[in-house]
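Subject: The structure I promised

Hi,

Here is the structure we talked about, for you to open alongside this email. My notes on it follow below.

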Amino acid sequence: MDLTAHYHDGHVAAVHDVICWLDGEGSSSALVITDSQSRAELERWNADDVFPLYGRKGELRIGSASKPYGARLVFSGYPDATRARAMLPALAVKHRQERGKQLRTMGIATAALVSVIVAYVFGVPLLASRIVGLVPPELEKQLGETVVAQIEGALKADAGFEVCDPEPDSLANRAIARFAARAVEGTGTPFTPDIQVIRTTIPNAFALPGGHSFYFSALLDQTETADEFAGVMAHELGHVVHRHGMEQLISTSATGLLIGFILGDMTGLSVAGGVGAALIDSRFSREAERQADRFAADVARRMAFQPAGLANLLERVASDDQMTQALALLSTHPLTAERRQALEALTVIDTSLQPAFTAQEWQAIKTMCEPAPGPASDSDRHKTDKNG
Amino acid sequence: MSMAEGQQGRLAPVQFTGARSELFGLLFRGYLLMVPTLGIYRFWVTTWKRRFYWQNTVIDGDPLEYTGHAMQLLIGFLFALAFFLPIYIVFFYLSTQSPEITLVGYAAVGITLWFLSGYAIYRARDFRLSRTLWRGIRFDQRGNAWGYALRRFGWSILMVLTLGLIYPFMAGNLWRYRYSHTWYGDRQFGWTGSWKTIAGPYYRAYFVVVAALIATGAIIGNVQAPLSAGPGVFFAIPGTLVVGGLAWFYLRSREATRMFSQVRVGDTTIAVKVRARSLFGQFLLYGLSLTGALVVFGMFIGIVVASLFGQAMLNPGAEGAELARILQSGWGAIALLVAGYLGLIATFALFGEVFLGYGYWMLVARSAVISNADSLKSVRATGEDRALVGEGLADALNVGAY
């Protein structure tokens with residue numbers, strides 16, 4: 001059976017109109033390529049060496065493994081292409097092999113990526129704490145100063161940055177400093193804790209790398225007992241002792257790199273990257289919160305207060321706003337019920353110890369932010385369920 | 001002179017036989033497959049897309065052939081990753097420093113990346129050319145990628161210093177460098193243009209846009225009381241945008257026409273003619289179909305949301321708590337968010353490629369005419385092939401189009 005085709009020999013950029021046919025049977029058969037005019041033989045292609053190439057619709061392009069890289073036979077139109085495929089069974093075999101190879105490559109690459117992600121999600125919390133151990137405390141302190149400056153700048157531009165009681169020797173500040181010093185006693189932390197109460201309308205408290213912690217006045221307004229206050233502070237000091245700020249910085253950067261790898265976006269700036277990174281990071285930060293809770297419970301045992309006060313306060317703040325619960329999965333705080341159980345399980349009160357704060361001290365702390373009526377106290381007034 | 005002989009040579013057309021629907025189909029399928037493969041399939045999408053463009057570009061009866069494989073792009077990307085890791089670590093370190101150092105550091109990293117992108121563009125072009133066959137003969141690019149990066153970097157500094165006025169000189173210089181290092185088998189390409197090739201259209205477009213900006217500034221600056229402003233202010237800014245857009249289509253079409261028409265391969269020349277209005281037509285098609293697609297996509301998301309949260313909406317008493325409970329249960333809402341976002345990105349990318357990418361390639365290819373095509377028949381393949389080996393770092397950066 002004769003087939004017409006275009007032929008390129010792979011040496012010279014000429015086009016030959018050719019007629020070709022199969023000579024011989026089985027493994028020794030060869031495709032004979034002859035000039036369509038003179039019928040002179042141009043080439044013989046071993047029928048086992050041929051392989052298909054990608055061509056446009058209705059066109060079959062084939063090459064030969066034993067011929068020059070660019071040598072091609074091109075059959076145009078479905079009838080000729082179909083007959084050529086029937087004549088050369090090696091084409092279908094090679095096509096299947098190539099397809100299998102591609103699928104395997106794709107499968108291996110995907111599996112490798114999945115295992116990287118899994119290893120990452122489970123490995124980085126462990127790894128991050130090891131890496132943090134290698135970061136010199138001096139560097140972390142320096143970083144903490146930078147972040148404090150950034151936060152002061154942001155608050156000044158927004159709602160104002162004001163330390164509630166700037167006098168370090170006041171009763172309240174001395175009580176807080178003594179509490180902090182006792183809480184971190186024996187932990188071997190290289191940082192000197194420094195807790196400041198700041199006047200803002202946001203009910204929050206957090207720790208920064210290097211020992212700085214903030215307690216916001218809006219949260220203090222909702223804090224009803226000394227135990228609640230002590231619980232939150234011990235929790236934040238837990239972050240300081242475990243160097244969670246630094247740990248989070250490292251793991252967030254690593255997450256950015258991983259997401260960048262998946263999306264092929266090395267700048268890691270895209271929104272999809274942001275969402276993915278937030279999902280993975282929230283896992284790490286929930287683990288960090290648990291660690292800080294355990295630390296708080298440990299401090300509570302040494303300093304005789306109820307760590308469950310922390311959970312009470314969290315519930316009170318959360319009940320102000322349903323949507324904060326709605327986004328619980330993405331939020332950095334674990335679910336309150338789960339935490340409450342953990343905290344209550346850890347509660348052991350030894351009444352023989354001196355309490356964390358005396359009644360006078362707690363009163364002084366509670367009223368730290370009161371003398372200057374600012375926007376904070378205005379906006380908090382509608383929260384009716386406090387100080388009942 | 002060879003130019004005179006060239007005019008007597010046989011004229012050969014270039015055809016483009018690919019259907020937009022075929023490209024749409026392969027991209028749609030490709031984007032879907034990127035989901036289960038966590039994005040790994042993007043190297044296959046790129047490969048399939050190139051095959052589509054190459055094999056449907058038929059020059060004098062014979063199509064181009066793309067011989068690259070997705071695996072090469074994947075390996076190239078891994079190289080690029082190793083290359084980016086140190087930069088990423090520098091970024092991390094800088095983010096822990098004081099704001100001043102951070103700013104200076106980011107600027108330095110940005111400039112480094114800009115310099116490297118010149119290298120990447122040149123290597124990516126090398127990758128594509130060395131994996132292109134026509135009549136069984138391979139194209140190639142020689143020259144020095146670092147040299148090209150340095151050259152491009154220097155020109156871009158001059159661009160900033162001259163407020164873009166030097167562009168025609170830069171374009172002429174870079175086009176000449178690229179084409180004089182491009183080979184078809186043993187025959188060298190050339191580029192016979194100069195800065196004058198694009199200077200006319202460029203300066204016309206430049207000064208029209210500058211004049212429109214000055215006029216806008218004058219109109220807005222002259223108005224004393226903005227509220228009582230006449231229609232002049234109302235039309236000034238949209239008017240400037242329209243002028244800028246039209247100038248862009250004009251310049252882009254003239255650039256394709258004039259710059260490609262200066263390309264030579266030995267005695268063989270090429271002539272390209274792309275009209276501004278054809279280019280604008282493709283853009284119009286893009287805008288209309290993208291709008292349509294986004295409306296359909298938005299309705300689809302709306303229906304999904306409504307069916308998921310319909311219960312909560314119908315029950316006004318428990319509305320807030322119910323909605324919160326569904327959202328709190330968590331993964332459904334996040335899956336919806338992520339799917340919606342990825343769908344949106346994919347829609348933009350898909351329509352951009354099917355209308356703008358396809359449109360430009362198709363207009364350039366269909367308008368091209370090759371003179372003295374027969375002189376190409378004597379081109380011989382060059383020595384053994386280095387094209388089969390991956391080309392290292394920048395292959396996967398894919399900085400250029402297509």
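Chain A holds an open sheet of seven strands in the order S4-S3-S2-S1-S7-S6-S5, with antiparallel pairing; strands here are DSSP E runs of at least two residues, helices are H or I runs of at least four, and both are numbered from the N terminus. Two strands count as paired if DSSP finds at least two bridges between them. The edge strands are S4 (41-46) and S5 of chain A, each pairing on one side only. From one strand to the next, the twist averages 35°.

This is a predicted model, in which local features need pLDDT of at least 70 and side-chain atom pairs count only at pLDDT 80 or more, while totals for chains, interfaces and linings use all residues. Residues are numbered from 1 along each chain as its sequence is written, and chains are lettered from A and ligands numbered from 1 in the order in which they are written.

Leu53(A) stands opposite Arg61(A) in S6(A). S5(A) and S6(A) form a hairpin with five residues between them, and Gly58(A) in the turn has a positive phi of about 75°.

Now to chain B. The axes of H6(B) (residues 145-161) and H7(B) (residues 167-180) come within 10 Å and cross at roughly 175°; axes are lines fitted to C-alpha atoms, for helices over the stretch in contact, with angles from 0 to 180 degrees between N-to-C directions. H6(B) and H7(B) are therefore roughly antiparallel, the word used for angles over 145 degrees. Among the residues that meet are Tyr148(B) and Trp155(B) in H6(B), and Leu174(B) and Tyr177(B) in H7(B), where contact means C-beta atoms, placed from the backbone, within 7 Å.

How confident is the predictor? Chain B averages a pLDDT of 83, on a per-residue confidence scale from 0 to 100. Among the elements of chain B, H7(B) has the highest mean pLDDT (96) and H1(B) (residues 2-8) the lowest (46). Over residues 387-401 of chain B the pLDDT is below 50. The complex gets an ipTM of 0.80 and a pTM of 0.78 from the predictor.

Best wishes

Terms used
Parallel < 35°, antiparallel > 145°, perpendicular 65-115°, else oblique. Contact = placed C-beta atoms within 7 Å. pLDDT = per-residue confidence, 0-100.
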